[in-house]
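Hi everyone, thanks for making time.

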Amino acid sequence: MSSALAGEEAYRDFSEGGVRFLGPGRDVESPDTLSAVRLGLSGPARGAQGQQLRLGVQLALDAANTANGYGGLPYESIFKPDDESWSVVAGQIVSLVYEHEVWGIISSLDGERAHAAEMVVAKLWTPVITPGAADLTIDFANVPWVFRLMPHDRLQAELLVRAAHERGFTRLALATEGVREGRVGRDRVTAAAHALQRPLHAHVEFHSYDAPAAAPRLASSGADALLLWGRPEAARELIRELRRHDVSVPVFVPASLVGPELAQAHASLGAVLGAAPFDLYADDPDLLEFRRRFEEAAGVAPTHLAAYAYDAAQLYLAAINAVGLNRVRIADWLLESRWRGVTGDIAFNSLGGNMQEPVLVELRDGDWRRP
Amino acid sequence: MITLIVALMASVIWTGVTAAEELPRIYTEWETFHEADGLPSDKTFSVAVDRDRVWVGTDRGLGLYENGEWTTFTVEDGLSHNAVLSLAVDPLTRDVWVGTMGGLTWISGGRMRVFTQFNSGLPNDVIFGVAVENQNVWTATTSGQGRYLVRKNSWEVYTPENSPQHEPWGYANDYHDGKYWAALWGGGALEFDVTTEQWQEYLDPDGHMEIALFRDDGIIHVITTGVSFREGLLWVSTYFGASSYDRMGTRRWRGYSDFDTGLASDFINWVSARGRVAWFGTDKGVSSVHYDTNRWVTYAPVNDPMDYTGPWEARVYQEDELIETVPLEQGLSNNFILGIDFQDDDVWVATSKGLSRGRWRPDMLGSR
C-alpha cells in the first residue's frame, strides 16, 4: 500500500499488480537484412531540453558505434519532434514502428505524451522508456511495454511537503497551472499533505497568461512557503511576479522545474528548492565522466534529462546486446534488469516504474545543488 | 490449414440440467485461421461479423472471410493504413468502417473513402475504436471522440473542453439502444444519450489509481480498455479486472477479479456482450460470464498461460468455484486475445497469433 493511502484497507492494491507481456514473439529471430539498428526518439525539437535529450542519446550511440555497433551494424536514432501538441505523439509512435522499424523508443517529457505513447505501444508491442515523465499514472496503466525512469511525482510531492515542514514552514500554499500537469500535481501534493498530516493552507490555480493576477492572491494568503506545479515558463513568470509583490517565501518545485529554465533566471527568483530526480553533482566516477564527455561534445553542461536520455539509450544497447533484436525479449530484459547508470541504480518494479528516490536541491548561483 | 476438431468429452457429474441449456455456453469445437489459410497476418487486432461475412483487422491489412475464402485489402487497395485496430459494420447498409493507425476508411459499394485529420474533422489518425450509431459513426482516438454525421458529411469532436471527459484518450467504444459508450484511458466510461444528447461520465469512485477501495462501488480502475452495452448492462474492462453496471435496472456496480471469479486474467484487452453474457479477451485466454448467474466459462491453456500450442481446456466456474473442466482437443490459436464478435451461435476471437472460431455444438454437450 502506498504511504499516501496508508490506513485504508482496500479490496485491491494494484501496486504489485504489474504484468509481464504474455503474448507471442519471443521466438522470432533477429533479422539479417538490416543496414542499421534504429532507436526511436520523440521529444521537443526546440529549446534547451530538446537539445539535451538528443545529445544524451547521441552520446551513447556514438560510443557504441565507435565500439563496432551491433555486430558491425551502426546504431541510429530516428527523431520525431513533439513540440506542437501531445496529440502528435500517437502518430509518431506508429511511424517509428511501421516506417522506421525501431527496436525501442525513448519518448515523453510529460504525462500526456507518455500516455499517448503508451496507448499505441500497448497494441504495437515496442518498448518505450520515458526519460522525463514523472506521472505515476503512467505506471498504473499497467502496459508492460512502458518504463518510467524519473522518480514519480508522488514521491516528489512527499519530499517537498516534508522538507518544507522540516524547515519550519507550516502554512503551505499550493499553486498549480491550469493544465494537466498542474491538475495531476494538485492531486499529488494534496495526497502527500494528507498522508503527512500537513494540510495545505491555500490553493491557487493560475494560467500562463495570468501570473500578475495570481500573485496578489498568493501574497494575501498568509502562506509561509509555496509549492508550485506547472510548466517551466509559466512557473518562472509566477515566481517573478511574486517577488515583484515582495513575497519572499521559499518556493518548492517538482523535478519538471529543476532544469535550465529556472536556473538561468535564478537571479530574479529568490529562494527555490526542488525535488531533483538525482544529484547531478554527486561524486560518482561514471557521472563525472558522463558530464565531462557531454560538455566536451555539446559545449554545455548536461541536465538531469540529458543523463536520463543517455541512460535510456544505454539500457537499450545493453538489452540488445544481451537478447538480440527482438522487441519482446528487450522488454523482458528491461523489466528484469538491475542496471547501474549515470543517474544511479535503475531497477523497474512490476509496473515499469524505476524505484528511485528524489533528492532535495536548491537553486544556487544558477545550479541545482544539494542544500 | 483450417482445422476442424471435435472436442473430447470429459466425464462430469450430472447436475440435472444439461450444459447445453445453461449460459454461458461451453464451446467445445474450435477452428483456427492463420496466414497460411489466407489471413493477411497472424496478429489480429479486431473482428466484426456482417451476417455471413467476417471482417478481420490485422497489423498487415484487412481480411474478409466469405464463402470459405479470404480476401486481403491493404493501402494499395485504398485502405488508410495497414494496421487495422477497429471495425464496425452498419447493420442497414452493410457499409464497413475501418479504424486504422493512419485514419478511418469507409467501405461502401466496393469503394473506399479515407478520412484523416488533415482532410476531415477526424480528431486523430490513430483510431482505437469505431462504432456505428444510426446514420452516424463514432471514433475513439487519443484526441477525443469524433462523430461523423454521414448524411451531413460533417464532424463533431468531443473533448474535455465540451464534454465531461476526465481525459480525452478514447481506447474503445460501443453503441447500442440509444447510448454511445467510450472507454477512456484515464477517464473511466463515458456515456452519451443520443436522444437527450446528455453526457455522463463514470469514474472510479474511490479516486485512487493505486487501489480499488471496494469491489462493487464502481469502475474498478479508471484506465479502461473496453466497453460493451447490451440489454441495459454496461461491461467495462481494464488491465486490472472488469466491472459491470446495471444501467437500466438496479444501477448497481459489480467488480470482477481473477481471484474471486472465473475470469482468466485481470489483464483484459477487450469485452463484447451478447445478451446478458459478456466475453472478455485477456492475456491468458477468453472468459465468458452470465450476469444473472455469475457462471463463468474460461478457455485457457492447461499448463503455462503462454503454452498456447499445448492442451487447452474449458473451465466452468460458479463465481470463483471451479465446478467442471472440459478438455479441448483443439484450443484457440493464442492465449493473448484482442477482439471478439458473434455470428449466430458462433463466436469469433481475434488473437495475437491467428483467428479462432468457436462453433456451437449443443449435441456434443447435451449427450452427456
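First, one term: two residues are in contact if their C-beta atoms, placed from the backbone, lie within 7 Å. With that in hand, look at Val121(A): leaving out residues up to four places away in sequence, Val121(A) touches Ile93(A), Thr126(A), Val128(A), Val143(A), Trp145(A) and Val146(A).

Some housekeeping. This is a predicted model, where local features need pLDDT of at least 70, side-chain atom pairs count only at pLDDT 80 or more, and totals for chains, interfaces and linings use all residues. Residues are numbered from 1 along each chain as its sequence is written, while chains are lettered from A and ligands numbered from 1 in the order in which they are written.

How does the model score? It has ipTM 0.94 and pTM 0.94. As for pLDDT, that is the predictor's confidence in each residue, from 0 to 100. Chain B averages 93, with 93% of the residues scoring at least 70. Over residues 1-17 of chain B, though, the pLDDT is below 50, and this stretch has 31 contacts in the model beyond near neighbours in sequence.

Now the core. I call a residue buried if 20 or more other C-beta atoms lie within 10 Å of its own, exposed if 12 or fewer, and partly exposed in between, with C-beta atoms placed from the backbone. A nonpolar core is then a set of buried Ala, Val, Leu, Ile, Met, Phe, Trp, Tyr and Cys residues joined through C-beta atoms within 7 Å. The largest one has 230 residues, and Val121(A) and Ile93(A) are among those with the most contacts inside it. Helices (H or I, at least four residues) and strands (E, at least two) are DSSP runs, numbered from the N terminus. Helix H10 of chain A, residues 304-323, gives this core its largest share, 13 residues.

Domain 1 of chain A is 15-151 + 283-347, and domain 2 is 153-276. Their C-alpha centres lie 30 Å apart. The contact between them takes 13 residues from domain 1 and 14 residues from domain 2. On the domain 1 side, helix H1 (47-66), helix H3 (111-124) and H10 of chain A each supply at least two residues.

For residue classes, Ala, Val, Leu, Ile, Met, Phe, Trp, Tyr, Cys and Pro count as nonpolar, Asp, Glu, Lys and Arg as charged, and the others, Gly among them, as polar. That domain 1 side divides into six nonpolar, four polar and three charged.

On to where the chains meet. This contact takes 28 residues from chain A and 37 residues from chain B. On the chain A side, H3(A) gives the most, with five residues. By class, that side has 15 nonpolar, nine polar and four charged residues.

There is strand pairing across the chains too. Two strands pair if DSSP finds at least two bridges between them. Strand S1 (12-13) of chain A is one of the elements supplying at least two residues to the chain A side, and S1(A) pairs with strand S19 (residues 211-212) of chain B in the antiparallel sense over two bridges. Asp13(A) has Ile211(B) as its bridge partner.

Helix H2 (89-98) of chain A also supplies at least two residues to that side. Eight of the 10 residues of H2(A) are buried, including Ile93(A). What covers them includes strands S2 (37-43), S3 (75-81) and S4 (105-107), plus H3 of chain A.

Over in chain B, six bridges join strand S30 (residues 337-343) to strand S31 (residues 346-351), running antiparallel. Gly339(B) stands opposite Ala350(B). The hairpin has two residues between the strands, and Asp344(B) takes a positive phi near 50°.

Most residues other than glycine have a negative phi, and most peptide bonds are trans. Asp365(A) has a positive phi of about 55°, and counts as exposed because it has 8 C-beta neighbours inside 10 Å. Asn67(B) has a positive phi near 55°, and with 6 C-beta neighbours inside 10 Å it counts as exposed. Finally, the peptide bond from Leu23(B) to Pro24(B) is cis, with omega near -5°.

Methods
Domains from an automatic or database assignment.
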